[in-house]
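Dear colleague,

Please find the sequence and the structure below, handed over for your use. My notes on what was found follow directly after them.

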Amino acid sequence: MPGDVVLMETSNEWAAAREVQQGFMPSRSLVIDCLDYDARCRQVQALGGDFYDVMPLPGNRVAFAIGDASGKGLAAALMSANVQSSLRTAAWFAGGDGISALTAVNHQVHASSLDGRYATLFFGVFDPAVQTLRYVNAGHHPPMVIRRDGAISWLETGGAPVGMFPDWPYEEGVVQLNPADTILAYTDGVIEIENPRAEEWGIEGLRLAGVHSGIRCAADVVRAIFLGMDEFSCGCQIDDATVFAFRVQ
């Protein structure tokens, strides 16, 4: 009987922790001028290292982020919570300046994490007045820009994952967006998912799902990608998978 009580308490604690972590993921209630967005994070365990965020900024701008902490389970969840909370504070006080925000987050994460712990992180700020995206890619898989005519480009400029090196000099990239352009941000669990023959879905699988999803809105893109993943892998997922889609109106 005592053992049953301990197991029940542990299960309740993990459920509560999962609820807290899910609470860090924003709802889609934030309305952004000229931009339609949707996201989904599907974890393998109760807790995971993937996360995404959307943050309003002064000047009608909006910041968004997607990240993936090293490791799995509880350790990865604590790291992602550290990164996400640090980023929210840094983004606001930096006024949306990506280099300043990522530099501050990197220092904080490096100072408060064990050796060998880090997180990949993509941080972008969209300005609807000029329809530009300024971004810093801290070691994350480069988001894909799908143009209206089907052309593809990648958001690569940035630097090392946060927490890896204390004084890394980050760089900022900028991309001009146009109506009907779509940005796909994702974690490695999306492109590294395998079929029963141990073949990876890869970037090409992601691209095809994004391009041929009958795009009407960002939610269609996210839905099509997860359907494509599940069909390819026969529903077998071994790593957290997160997709964040943005479509310029």
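The largest pocket has a volume of about 260 Å³. Its lining is made up of 22 residues, and those closest to the centre of the pocket are Asp-68, Ala-69, Gly-71, Asp-188 and Asp-239. By class, the lining comprises 11 polar residues, six charged residues and five nonpolar residues.

Please note that this is a predicted model. The mean pLDDT of the chain is 87, and 87% of the residues reach 70 or more. Where pLDDT is low, the predicted coordinates should not be read in detail.

As to the overall architecture, the chain contains six helices and 11 strands. It has 249 residues, of which 49% count as buried. Among contacts between residues at least 6 apart in sequence, 69% join residues at least 24 apart. The chain exposes about 11600 Å², and carbon and sulfur atoms supply 56% of that area.

Gly-124 lies in strand E4, which covers residues 119–127. Is Gly-124 buried or exposed? Its relative accessibility is 0%, and Gly-124 therefore counts as buried. Leaving out residues up to four places away in sequence, Gly-124 touches Val-62, Ala-63 and Phe-64, and also Leu-133, Arg-134 and Tyr-135. For Tyr-135, the C-alpha to C-alpha distance from Gly-124 is 4.0 Å, at a separation of 11 residues in sequence.

Asn-82 belongs to helix H2, formed by residues 73–93. Asn-82 counts as buried because its relative accessibility is 17%, and the cut-off for buried is under 20%. Beyond the residues up to four places away in sequence, Asn-82 touches Gln-108, Val-109, Ser-112 and Ser-113.

Val-44 is located in the loop that runs between strand E1 (35–42) and strand E2 (50–57). With a relative accessibility of 41%, Val-44 counts as partly exposed. Which residues does Val-44 contact, leaving aside its neighbours within four places in sequence? They are Gln-237, Ile-238, Asp-239 and Asp-240. Of these, Asp-239 was named above among the residues closest to the centre of the largest pocket. The C-alpha atoms of Val-44 and Gly-189 are separated by 9.9 Å, although the two residues are 145 residues apart along the chain.

Ala-180 has a phi near 80°, a positive value in a residue other than glycine. This residue sits in the loop between strand E9 (173–176) and strand E10 (182–186), and Ala-180 counts as buried at 18% relative accessibility. Cys-234 likewise has a positive phi, near 60°, and is a residue other than glycine. Its place is in the loop between helix H6 (218–233) and strand E11 (241–248). Cys-234 is exposed, its relative accessible area being 58%, whereas Ala-180 counts as buried.

With kind regards

Note on methods
Residues are numbered from 1 along each chain as its sequence is written. This is a predicted model: local features need pLDDT of at least 70, side-chain atom pairs count only at pLDDT 80 or more; totals for chains, interfaces and linings use all residues. Side-chain values use heavy atoms; hydrogens and water are left out. pLDDT is the predictor's confidence in each residue, from 0 to 100. On a 1 Å grid over the protein atoms alone, a cavity is a set of points where a 1.4 Å probe fits but cannot get out, and a pocket is an open set with protein on both sides within 12 Å along at least five of seven lines; lining residues have an atom within 4 Å of a point. Grid points are joined across faces, edges and corners, and a volume is the space filled by probe spheres set on the points. Ala, Val, Leu, Ile, Met, Phe, Trp, Tyr, Cys and Pro count as nonpolar, Asp, Glu, Lys and Arg as charged, and the others, Gly among them, as polar. Helices (H or I, at least four residues) and strands (E, at least two) are DSSP runs, numbered from the N terminus. Buried means under 20% relative accessible area, exposed over 50%, partly exposed in between (1.4 Å probe, protein chains only). Contact means heavy atoms within 4.5 Å. Accessible areas come from the Shrake-Rupley method with a 1.4 Å probe; for residues, only the protein chains shown count as cover.
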